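Have the structure open and follow along.

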Amino acid sequence: MSGAFRIPAAGRLKQAKTARFSFDGQSYAGVEGDTLASALLANGVHLVGRSFKYHRPRGVLSAGAEEPNALVQIVRDDARKTPNVRATVQELYDGLAANSQNRWPSLSFDVSAVNDLASPLFSAGFYYKTFMWPKAAWKSLYEPKIREAAGLGISPDRPDPDHYSSRYAHCDVLVLGGGAAGIAAALAAAETGVSVILADEQAKFGGSLRFESGAMIDGQDGFAWAQAAVAKLAAMGNVRVLSRTTAFGYYAQNFVGLVERVSDHLKAPGHDLPRERLWQVRAKRVMLASGAIERHMVFANNDRPGIMLAGAARTYLNQYGVAVGRNVGVYTANDSAYAAAIDLKKAGVNVAAIVDLRDNPTGPVIDEARALGIEINFGRAVIRAGGKLRVSSMTVQPKNGGGERTIPVDAILMSAGWTPSVHLFSQSRGKVAFNDETKRFVPGTYAQDCVSVGACNGTDGLSATLDEAYAAGAKAAKDAGAKDASTKTGKGAKPKVDASESWSRGMLGAAPGAGPDTTVKAFVDFQNDVTAKDIRQAVHEGMRSIEHVKRFTTNGMATDQGKTSNMHGLAIAAETLGKPIPEVGLTTFRAPYTPVTFGAIVSHARGPLFDPTRKTAIHPWAEAQGAVFEDVGQWKRAWYFPKAGEDMHKAVDRECVAVRNKAGLFDASTLGKIEVVGPDAAKFMELLYTNPWEKLEPGRCRYGIMLREDGFIYDDGVVGRLAPDRFHVTTTTGGAPRVMNHMEDYLQTEFPHLNVWLTSITEQWAVIAVQGPKSRDIIAPLVEGIDMSDEALPHMSVREGKICGVPTRLFRMSFTGERGFEVNVPADYGQAVWEALWAEGQKHGATAYGTESMHVLRAEKGYIIVGQDTDGTVTPNDAGLDWAVGKKKADFVGIRGLMRPDLVAKGRKQLVGLKTKDPKVVLEEGAQIVEDPKQPIPMKMIGHVTSSYWSENCGRSIALALVTGGRDRMGDTLYVPMPNGVIEVEVTGMVFFDETGGRLNG
Amino acid sequence: MLLIRCPYCEEERPELEFRNAGEAHIARSANMAGESDDDFEKFFFIRSNPKGIIYERWRHMHGCARFFNAVRDTVTDKFVMTYKAGEPKPSKLPKNSNEVVAK
């Protein structure tokens, strides 16, 4: 027997298949098909958790996704410890291990339950009012303590070992919700032949047919009809049926996010299955059939374990064969709880009494309950529940006051009515409308191509629901492009309802006994421990908008997002404000409908697949040499090449000296490269760069500066003119994509009359920089067809020819200040040519150098790096590059920006060199510069250090800085205040090495 | 994720393929260097931020790579229409087939 409260004749589970599980270390037996909640209840376990703030004992409230209380931690192994799993949703598997949360030392004896006694201290807005000062205590004291005391479960502390999957799908009709309405809608749509996806969050389709024992459709039990209908749908080629799949977000243009729980219900999932699958579905029409959620009654101690929603108790009985008690009481304000009482009574459970707030309701369920001999009390309220770890009694009083009577019970089934699930409708930006007669919000104005059917649309009764859903399904299919009836694939007919249950109405807000004059703990929001009194207090303290009431009390802000509490909270706020409910308004529903794991969102995009890694053709060689790499954008670049025993500084010093004395090889392949081709190529270059290009001879190069329209430096690079109509443009490594975009933008939209083609060639050419006095000696033996003499190939020129037998674009250029070349070869030959040059270089004492040495060498020469020495507010003049701006040009991008008053004003920050008075001191990049270090704090900062290195070649530290009016301060002493003292610096020119530039031809 | 119709590809494609490129129909002067401070301010700095219909540029970055113009409602995010770069600002907008319908 799988639990003392299992009723063998009831429910739909096969009792033979038992599953063992544990809760807080205690072992229990359940049945395959159980949820963790139903299996616990079958074993008489109602106490499953402690509440968030007061640490009150809590039991299972619901049988579905709306569950606020029964949150547990599921532990599969050391890495798989999932917190906040709703026991009402978690399917049982053999060996499942669950722990309760938020209790210490044990669930039945929780030390922090003292919070419950001290609850006057923890009223609404408590966090805002109490932990005000000192400010510093927030981080060190208040927040950690609050988190420790509250909290919901424990986060896993290891990387998630599971994998997740993701699918895109398109369909004509997407039906969300697989109850009677959703199934009927899907049948009608599918029969027209359009593509249909039907999704439901439960393992089994059927929705409320799971518990509605009175429903008969097409001559069979409602639940059996649902299974047969879904089996029929699943067999159709145009239908995809997804169970265990929750639509969590409804986005623009009928784009819906769903999560399919693929393997959380399996004992041993195996690694070939993802844990969850994210579906991103684009549908021509969306049908919302999300049903309704039952509300609880708001009365004192309504949170005691054993008190639950009537529909949930009925589900546990009719689906799982579990009696939630042996002697139950019922507290209701509508008809539906009667059905629960009747079902339980028929199953042999004693129903102590039905307490109905309504005065003299009539109807078949009331008659049936009376005929079964159940005591019914009209016009009365349950004013409090007794018991602590489990409800033991309910105290009944006429709702207008009078004598109290206490009835012993071990469970209370409650129903205040049903709230249409308009969450997804609201997420779709639809506007809800309040129906004053039925006291509920229903879909009003639609914003997208969707339609609501059934209970979520406020439609009552199975017959009306099926009529509405079937007609709407056919219409949605037609709107989505279904052909006329002759192309029908199915021979369906509208399902016929033979028997049904119907209920509506109910009440909102606090029940008698928890009214405005009381201070009892009548919970509105169980998960965040918000009582009716808290909501009234929020209004009394000045909150007028429901959005403010929500944030002040945290009503509806827990992981269940107020599925059971929002309407009660709203009604209490409205009553206290003395305004009608629609005037107070409903809080906005936002995605996700239920919590979604990070894993499902991230899917495969983690680890190496998080972001692409780009490697150059020469990468394997550098790796083999033991290079240390740095990330530059998506690129991996060799940072430095340490020899045995060298740290970074030693390696960089050696590399820098070798380049200036002999030669160095550097992988410059990541440099952005764009080919600008066409009859108007020179005209285009004139417009995109500040420099003049028309007169640049083919075979020559020029350093180009690109501005934005505002006049600030956007990018730079050396440009070679290969032919009158062909430019080989280089960009910064990080700037390549945006420079390409910038060029395309102007070419396509501002200068479309120019006959020019742009091609990104970054990945087509590997670039090997050979720099240093011996560079020509290294390259020359391998080159064919290019005269390497200074006369034929002067500094800043380019030739096409061959190297090592493969085509090359050979640039004579230098980013080191030494005689230098940049050898471009097709990327596939990159490593082979590098190895040939390396072998040749070994004869001349060449070294390989990385990006760090490249930075030092260029700084020694005062060559700027855009993005390091400039920051998007630096003009060519500020950077000392005025010479590169064509003064006679009529137009270029940025020409007008450069004339802006602020850009031509005196006192702008200018790029200068800095030498520390103590040559051994290396400044920190980003350090601030002041004129007078003795001035009071906050000091007036006049600039900052942009580049700073130890220069072994100069035998001292060097730095570049942006300083206000910098070029007028040559020779001045300035100060860099640092935590360990003030550093004295002298303002200098930007060139620290070989000021005359003779070495370019050395 | 929005669906955007590329007027060059003549297909609706997901937003992932596109990149927004700011407001449309802000022409760069043929005599840029001669623009007054006021005109340059209007050209470079001032943008409308309407609640409702906006004319904006998009680029089909991961498709045909063309820039084009779109008319979008900033309240609903719905695209009213898209058209090729260089085509004039539409004087009349088509009736939006997706406009909000009262139930």
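This is a predicted model: local features need pLDDT of at least 70, side-chain atom pairs count only at pLDDT 80 or more; totals for chains, interfaces and linings use all residues.

You'll find S603(A) in the loop between α16 and α17 (619–624) of chain A.

The backbone is worth a look here: phi of S603(A) is near 55 degrees, a positive value in a residue that isn't glycine. For context, most residues other than glycine have a negative phi.

## Helix α13 from end to end

Next up is α13(A), which covers residues 546–553. How many of the eight residues of α13(A) are buried? Six of them are, so the helix is largely enclosed by the rest of the structure. The buried ones are I546(A), E547(A), V549(A), K550(A), F552(A) and T553(A).

Both ends have something to show. Just after the helix comes T554(A), with a positive phi of about 65 degrees. T554(A) sits in the loop between α13 and α14 (566–577) of chain A, and it counts as partly exposed because its relative accessibility is 22%.

## How α12 meets α13

Two packed helices are described by the angle between their axes and the distance between the axes. For α12 (residues 532–540) and α13 of chain A, the axes come within 9 Å and cross at roughly 120 degrees. The pair is therefore oblique, and the crossing of α12(A) and α13(A) is right-handed.

Which residues of α12(A) and α13(A) meet? From α12(A) come D534(A), I535(A), A538(A) and V539(A), and they meet V549(A), F552(A) and T553(A) in α13(A). By class, this contact of α12(A) with α13(A) has five nonpolar residues, one polar and one charged. On the α13(A) side, V549(A), F552(A) and T553(A) are also among the buried residues.

Now move to another helix pair. The axes of α5 (residues 180–190) and α6 of chain A come within 10 Å, crossing at roughly 30 degrees, and this crossing of α5(A) and α6(A) is left-handed. On the α5(A) side, the contact is made by A180(A), I183(A), A184(A), A186(A), L187(A) and A190(A). The α6(A) side supplies W225(A), A226(A), A229(A), V230(A), K232(A) and L233(A). Eleven of the residues in the contact of α5(A) with α6(A) are nonpolar, none is polar and one is charged.

A190(A) turns up again in a polar contact: its backbone oxygen lies 3.0 Å from a polar atom of the N238(A) side chain. The side chain of N238(A) also reaches the backbone oxygen of V194(A), at 2.8 Å. N238(A) itself is in the loop between α6 (222–234) and β12 (239–242) of chain A, and it counts as buried because its relative accessibility is 17%.

## Two cis peptide bonds

Most peptide bonds are trans. A cis one joins A591(A) and P592(A), with omega about 0 degrees. P592(A) lies in the loop between α15 (581–584) and α16 (598–602) of chain A.

Another cis bond links I937(A) and P938(A), with omega about 0 degrees. Look for P938(A) in the loop between β47 (928–930) and β48 (941–951) of chain A.

How values were computed. Residues are numbered from 1 along each chain as its sequence is written. Chains are lettered from A and ligands numbered from 1 in the order in which they are written. Side-chain values use heavy atoms; hydrogens and water are left out. Axes are lines fitted to C-alpha atoms, for helices over the stretch in contact, and angles run from 0 to 180 degrees between N-to-C directions. Helices (H or I, at least four residues) and strands (E, at least two) are DSSP runs, numbered from the N terminus. Angles under 35 degrees count as roughly parallel, over 145 as roughly antiparallel, 65 to 115 as roughly perpendicular and the rest as oblique. A crossing is left-handed if the near helix is turned anticlockwise from the far one by less than a right angle, and right-handed if clockwise. Contact means heavy atoms within 4.5 Å. Ala, Val, Leu, Ile, Met, Phe, Trp, Tyr, Cys and Pro count as nonpolar, Asp, Glu, Lys and Arg as charged, and the others, Gly among them, as polar. Buried means under 20% relative accessible area, exposed over 50%, partly exposed in between (1.4 Å probe, protein chains only). A polar contact is a pair of N or O atoms within 3.5 Å; within protein, one must be able to donate a hydrogen and the other to accept it, and residues adjacent in sequence count only if both atoms are side-chain atoms.
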